[in-house]
Amino acid sequence: MRPITLLTGRAAPLPGCDTLSGICKTPVSHPLTLGPEGFEGDEQADRRVHGGVEKALHHYPLDHYSDWRAELSDLQALTAPGGFGENISTAGLTEAEVAVGDTFRLGDALIQVSQGRQPCWKLNHRFGVPNMARRVQQTGRTGWYYRVLEPGTVTPGDRLELIDRLAPDWTLRRLWHALYVDRMNLVELEGIAALDVLAEGWRKYAVRRLDSRRVEDWSARLDGTA
């Protein structure tokens, strides 16, 4: 069981542009109601690509912050949890250990890992680093999302307790490696396409690659300005 920090935030303009984003999260000190689409008081600006039942909660390891500070110096957004838009911050749990389908008790709620995070260009503005989204993708320090199996109340200081592992071989690190490093490994893609506990949108990436024998273009997601 791991103690956690809970974070929420409202949509606000990104630094350097007028686009709204809910990426800036701050810790809360009171109990929160967790519903099918996330914490009360939390907000996503662009619901086309953020939020929803398969992205109800974002978890980003506190462990990665020291790596980022070593690479980027002491940026303001790296001084405390919340820089990456996370709702949950823990130490000692990373993409190397967490697998798709891992199910956790969190307060009264039950949550399940649904997919990794695909970083987008808003990180570039958040950190003032033009290629920040690409850095996140290339390093695999992406964080991950949960779906909510059972809504409930979550209180700061509650612990994240692992309840079940449905696909322990499919760590988020392995999933990231298949999608972004060894990108046309057909055996791995077939495994991803058949991974029922993985969010449908991620399974479709594997299906399309298997059908087209091509890797999708990431430039709009990573570098776009709209």
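Colleague: Is Arg141 buried or exposed, and what is its relative accessibility?

Modeller: This is a predicted model, so local features need pLDDT of at least 70 and side-chain atom pairs pLDDT 80 or more, while totals for chains, interfaces and linings use all residues. Residues are numbered from 1 along each chain as its sequence is written, and side-chain values use heavy atoms, without hydrogens or water.

Arg141 comes out at 11% relative accessibility, so it counts as buried (under 20%; exposed is over 50%, partly exposed in between, with a 1.4 Å probe and protein chains only). Arg141 makes a salt bridge (Lys or Arg side-chain nitrogen within 4 Å of an Asp or Glu carboxyl oxygen) to Glu71, with 2.9 Å between the closest N and O atoms. That joins distant stretches: Glu71 is in helix H1 (residues 63-72) and Arg141 in the loop between helix H3 (132-139) and E12, 70 residues apart. Helices (H or I, at least four residues) and strands (E, at least two) are DSSP runs numbered from the N terminus. Glu71, at 40%, is partly exposed.

For comparison, Arg174 and Glu188 pair up at 2.7 Å, N to O. Arg174 sits in helix H4 and Glu188 in helix H5 (residues 186-193), so this pair ties parts 14 residues apart in sequence. Here Arg174 is partly exposed at 28%, whereas Glu188 is buried at 17%.
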